[in-house]
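The sequence and structure come first, and the points follow by topic.

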Amino acid sequence: FDFMAASLPIIVTPIGARGIIKHSIPGIIVAQKHEFLDALKQWDFTQSVHTDKIARQNFDFAAISKNLGKYLSLTQQKNKKQTIFMLTSWNIACGIADHSRQLAEQFWQQHNISIIANDNHYLYAAEMTKDIKYTNVYKAWHYDNIHYQNSSVDIDSIVAITKNSHALFIIHYHPAFFSVKILVQLLQAIKKQVTTLVLTLHNANIDDQTLLDYLAHNKQIKVVTHNLQDSHYLNTKNIKADTFFLGIPDSKANTENKQTQDNTFIVGGFGFLRKHKGILNTIKAIHSLTQNNKNSEYRGLHTLIADSTESQHLLKECNDYIKQHQLEKTIKLTTDYLPTQNIIDQLSACDIIVLAYDDSDEGSSAAASMAFSAGIPVCVTDTHIFNHVKPYACVIEDNKKQSLCDTINTLNNNPEIYRHYLQQSKDYQAQYSINKTAENYLKLTRDNHNEIPIQ
């Protein structure tokens with residue numbers, strides 16, 4: 001550097017030039033020691049050299065300290081606690097609320113997480129103590145989860161909460177939460193207040209042209225869906241969408257030898273009591289198996305939607321069928337809304353899980369992803385709802401009684417096939433754990449920074 005600063009011509013070995021230049025340039029010759037003499041003979045001493053300009057351009061302290069400062073700032077950004085806001089449904093009978101709590105648990109371990117919650121959320125006992133550890137749970141929007149017509153969002157309060165926060169802001173959105181018009185107003189209000197704004201669409205089949213146009217023209221807003229089909233749909237609308245499959249909590253159950261524990265083959269089910277989920281058909285299939293001397297049981301964890309006539313009628317149909325055929329010891333339905341870990345524990349005690357859905361307008365089935373948490377074989381019907389899990393599940397042709405019976409028999413009577421789907425379930429757990437989903441969100445923040453190369 002001293003010789004360069006003095007504008008002197010330089011001959012240097014590759015080792016001596018290491019970290020400065022790799023090849024000869026005007027004024028500096030890089031050569032091996034035995035090449036020095038020939039280099040001197042060829043040197044044109046009449047040529048003016050300006051090695052001082054090279055030094056100032058590339059190695060001036062002010063220049064490198066500026067870049068070094070930016071680089072160190074980015075490194076610190078990766079390692080420091082991230083401020084995270086998450087607008088979502090919270091502590092209500094809702095799959096998105098469950099998913100959000102699992103994400104919050106992951107973020108809380110290393111970052112500062114605040115929840116923008118619906119003001120009408122209720123805290124059931126198992127979750128009440130968990131909320132104490134979160135820095136803030138703000139009640140800043142109203143969720144009309146009865147009529148789905150009068151939801152509202154306190155945008156001014158959210159703007160005040162997030163001001164100068166330099167935060168990662170995640171919005172979990174479903175069209176039932178509040179109107180698309182409100183969503184666009186919210187995005188517009190906070191997009192310049194936070195470092196990274198992420199819109200997670202839990203049902204991406206949104207055809208509101210105002211929202212589609214807004215997202216297409218505001219590419220700094222990161223869009224996330226839960227399956228490739230939804231992402232492809234948005235891509236056709238000129239909206240880049242990342243696909244984060246629904247993350248699942250780790251299973252601690254020992255399921256290696258499920259079939260050898262006793263002679264009863266236990267089929268588990270999970271999800272809200274809704275007609276399209278094939279719950280009654282599954283009950284009828286179990287009944288048919290018991291009539292054919294197959295020792296089978298069904299344990300269904302199916303939450304009753306209290307304000308839903310459809311849900312209430314279905315429960316009555318199921319109970320009437322159970323009573324009519326005296327299946328009280330064979331069919332066990334739990335209709336309370338259970339904490340996630342309780343669900344996983346109960347499903348882990350089963351041999352397989354069957355989700356006998358019809359086609360519906362659901363964008364993605366959270367029940368299917370959650371089912372894999374139990375660590376046992378998962379059987380799903382051949383409907384688009386399950387496209388994201390079909391590579392790991394035993395796929396049933398349809399949800400007719402005979403198709404369900406055939407699939408249950410196959411897994412009960414063929415240990416090799418059973419072990420295959422047992423391993424598939426474990427593979428899904430490893431690939432789509434909730435901690436990986438949380439890391440994917442944090443990566444969106446890091447991707448917003450342009451790293452400075454050191455030259």
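Six strands make up an open sheet in this predicted model, in the order 13-12-11-14-15-16 and with parallel pairing. Strand 13 (331–334) and strand 16 (394–396) are the edge strands; each has a single partner strand, so one side of each lacks a neighbour in the sheet. From one strand to the next, the twist averages 25°.

**Strands 12 and 13**

- Strand 12, residues 296–301, runs parallel to strand 13, and four bridges join the two.
- Within this pairing, the residue opposite Gly 300 is Leu 333 in strand 13.

**Helix 11 on the sheet**

- Helix 11 (residues 279–291) packs on the sheet and touches strand 11 (265–270), strand 12, strand 13 and strand 14 (352–355).
- The direction of helix 11 makes about 165° with that of strand 12.

**Salt bridges: count**

- The model has six salt bridges, counted with a cut-off of 4 Å between a side-chain nitrogen of Lys or Arg and a carboxyl oxygen of Asp or Glu.
- Among them are the pairs Lys 240 with Asp 242, Arg 274 with Glu 310, and Asp 320 with Lys 316.

**Lys 240 and Asp 242**

- The closest N and O atoms of Lys 240 and Asp 242 are 3.4 Å apart.
- Lys 240 has a relative accessibility of 60%, and exposed means over 50%, so Lys 240 counts as exposed.
- Asp 242, with a relative accessible area of 22%, is partly exposed.

**Arg 274 and Glu 310**

- In the salt bridge between Arg 274 and Glu 310, the closest N and O atoms lie 3.7 Å apart.
- This pair links distant parts of the chain, as its residues are 36 residues apart: Arg 274 is in the loop between strand 11 and helix 11, while Glu 310 is in helix 12 (residues 309–324).
- Arg 274 is partly exposed, at a relative accessible area of 30%.
- Glu 310 is also partly exposed, at 32%.

**Asp 320 and Lys 316**

- Asp 320 and Lys 316 form a salt bridge whose closest N and O atoms are 2.9 Å apart.
- Both residues of this pair belong to helix 12; Asp 320 and Lys 316 are four residues apart there, about one turn of the helix.
- Asp 320 is partly exposed, having a relative accessible area of 38%.
- Lys 316 counts as exposed, because its relative accessibility is 52% and the cut-off for exposed is over 50%.

Notes
Residues are numbered from 1 along each chain as its sequence is written. This is a predicted model: local features need pLDDT of at least 70, side-chain atom pairs count only at pLDDT 80 or more; totals for chains, interfaces and linings use all residues. Side-chain values use heavy atoms; hydrogens and water are left out. Two strands pair if DSSP finds at least two bridges between them. Axes are lines fitted to C-alpha atoms, for helices over the stretch in contact, and angles run from 0 to 180 degrees between N-to-C directions. Contact means heavy atoms within 4.5 Å. Buried means under 20% relative accessible area, exposed over 50%, partly exposed in between (1.4 Å probe, protein chains only).
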